[in-house]
Amino acid sequence: MKTPPIFTPRNQEDMADRPLQTEPNIKMDTIEKIVSLCKRRGFIFQGSEIYGGLANTWDYGPLGAELKRNIKDAWWRANIYQRQDIVGLDSAILMHPKVWEASGHLQNFADLSVDCKKCKKRWRQDQIRGKCPECGSNELTEARLFNLMFKTFQGPVEDNASLAYLRPETAQGIFVNFLNVVDVSRKKLPFGIAQVGKSFRNEITPGNFTFRTREFEQMEIEYFVRPEDADKSYEYWVNERYNWYLGLGMKKENLRLRPHAKDELAHYAKACSDIEYNFPFGWSELEGIANRGDFDLAQHSKFSGKELVFFDAAAKEKIVPYIIEPSGGVDRAALAFLVDAYYEEKVKDETRAVLRLSKELAPIKAAVLPLLKNRPEIVQMARAIYESLRSQFYCVYDDTAAIGKLYRRQDEIGTLFCLTVDVQSLEDKQVTVRDRDTMKQERISIERLKDYFTKELF
Ligand code: GAP
């Protein structure tokens, strides 16, 4: 199979989450640079590359895995450790088929698709203008509903009785565990359940690098509130989630909120707002915050026969809580943070590419670099510093090039600090610490390094 192109005129347009969303000045060269950096430095590789690639699948390399992990950790910290009203969950990807009947996914989780009669390509109807974007033909089939859930079979027999689906959202795992969690956590309304995990959608037109794929990770909170508090809680969560991105260094001018029009709402939603990011291919959804009303608990009560209610012991009343759902994508967040942090600047007639990722998200916090690798005492000292720091945070040792090149390499992957050990260090037991963003250098005594980084990084 030929490696599929990442950006074609076709999927530039597919990209928009909303139909025909366009930006007058598409800065596609930025995304091309990000794609190249991701591959070159080991953030993101084409999936199954040695076999020619499997279209629209991506594998996160050593730095990408670290970045994603840092994003998920920051999310978990903000929503679980730093609050008292949300608990975590890690539910199964495969769920009882009835879940998808109750949730409405079997019936409603579908896009209208059309096929080009000439080149046989399939498209989402709302993303093309009556013409095949591949070959230009206007001979298209009637629009048909195409369900986006991936089907599989549980067990050795492939018949209808063993049909199962890969979850298209992590949310349903939370709803079906509502009673379990209420029982064990003794939370009172309002409270939330959060989880991070893989979801799968057989998207008709995936595209634009990791923005829309068929396998992706979500970070979802289902926040249960009294119905009369739902509107206020919805507003609260829209702001809370918007501020989370800002707090991790995302630029305000690249973020905006977009409330959904009534006719755009998903079948379960009473209200929804997207947090959109100004991607190089236009403003597109990063996260959605929805007021799901009592739809989910009511549906699962009906289909399972279990009463999914919250019992308010003080008032002796049963409540079917409303649900406010902030739902974000890990892969989209990673892409947005990468784009947002990417800078090119002139330094002494050379172009320096630098990723200004925040200290929470930067994959590598510090790199220890010996200035002269042919001086064993310097190498030994640099190695000893590296050994002492790596129990505290993620750092690397690198002596594979000249110092200028090592700095450029670390800048390009967002490493916050470079520590250089030189001849002088042998005498004064100090190293040069260089700041990624300002490129300022200061001499710090080796003894003080741990304290210095505790202050700078935590
Ligand atoms: N439980 C609600 C829900 O799943 P959604 O708006 O369909 O809502 C939430 O998805 C988030 O998941 C999106 O904002 C996006 O970040 C991410 N997401 C959805 N589909 C995706 C895809 N095909 N590829 C990558 N991320 C996706």
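This is a predicted model: local features need pLDDT of at least 70, side-chain atom pairs count only at pLDDT 80 or more; totals for chains, interfaces and linings use all residues.
Me: Which secondary structure elements does the protein chain have, and how many?

Reply: The protein chain comes to 14 helices and 23 strands. Its radius of gyration is 25 Å, close to the 23 Å that the globule rule gives for 458 residues, so the chain is as compact as a globular protein of that length. Along the principal axes, the C-alpha atoms fill a box of roughly 75 × 65 × 50 Å.

Me: How should I read a sheet, and what is the strand order in the open sheet of seven strands?

Reply: One begins with the order of the strands across the sheet. Here the order is β3-β9-β10-β16-β13-β12-β11, and the pairing is mixed. The edges are taken by β3 (86-88) and β11 (255-259); each has a single partner strand, so one side of each is left without a neighbour in the sheet. On average, neighbouring strands of this sheet are turned by 25° against each other, direction ignored.

Me: In which sense do β9 and β10 pair, and over how many bridges?

Reply: Strand β9 (residues 191-200) and strand β10 (residues 215-225) pair in the antiparallel sense over ten bridges. To follow the pairing residue by residue, take Q195, whose bridge partner in β10 is E220. When looking along a strand, keep a general idea in mind: in a regular strand the side chains alternate between the two faces of the sheet.

Me: Which strands does helix α8 lie across?

Reply: Helix α8 (residues 230-247) lies across β3, β10, β11, β12 (271-279), β13 (282-293) and β16 (322-329). Its direction is at about 150° to β13. Helix α9 (residues 295-304) lies across β10, β13 and β16, and runs at about 55° to β13.

Me: How does one describe two helices that pack together?

Reply: Two packed helices are described by the angle between their axes and the distance between the axes. In this model, the axes of helix α3 (residues 62-81) and α8 come within 12 Å and cross at roughly 140°. The two helices, α3 and α8, are therefore oblique to each other. The crossing of α3 past α8 is right-handed.

Me: Which residues make the contact of α3 with α8?

Reply: From α3 come I71, A74, W75, A78 and N79, and from α8 come W237, R241 and W244. By class, the residues of this contact divide into six nonpolar, one polar and one charged.

Me: At what angle do the axes of α3 and α10 cross?

Reply: The axes of α3 and helix α10 (residues 330-341) cross at roughly 110° and come within 10 Å. That makes α3 roughly perpendicular to α10. On the α3 side the contact is made by L67, K68, I71 and K72, and on the α10 side by V330, D331, A333, A334, F337 and L338. The residues of this contact divide into seven nonpolar, no polar and three charged.

Me: What is the strand order in the open sheet of five strands, and which strands stand at its edges?

Reply: The order is β20-β19-β21-β22-β23, with mixed pairing. The edge strands are β20 (395-397) and β23, each with a single partner strand, so one side of each is left without a neighbour in the sheet. Neighbouring strands of this sheet are turned by 25° against each other on average, direction ignored.

Me: How are β21, β22 and β23 joined?

Reply: Strand β21 (residues 417-421) runs antiparallel to β22, and four bridges join them. In this pair, L419 stands opposite V433 in β22. Strand β22 (residues 430-435) and strand β23 (residues 441-445) also pair in the antiparallel sense, over five bridges, and V431 stands opposite I444 in β23. Together, β22 and β23 form a hairpin with five residues between them. In the turn, M439 has a positive phi of about 60°.

Methods. Residues are numbered from 1 along each chain as its sequence is written. Side-chain values use heavy atoms; hydrogens and water are left out. Two strands pair if DSSP finds at least two bridges between them. Axes are lines fitted to C-alpha atoms, for helices over the stretch in contact, and angles run from 0 to 180 degrees between N-to-C directions. Contact means heavy atoms within 4.5 Å. Angles under 35 degrees count as roughly parallel, over 145 as roughly antiparallel, 65 to 115 as roughly perpendicular and the rest as oblique. A crossing is left-handed if the near helix is turned anticlockwise from the far one by less than a right angle, and right-handed if clockwise. Ala, Val, Leu, Ile, Met, Phe, Trp, Tyr, Cys and Pro count as nonpolar, Asp, Glu, Lys and Arg as charged, and the others, Gly among them, as polar. The radius of gyration is taken over C-alpha atoms; the globule rule is 2.2 Å times the number of residues to the power 0.38.
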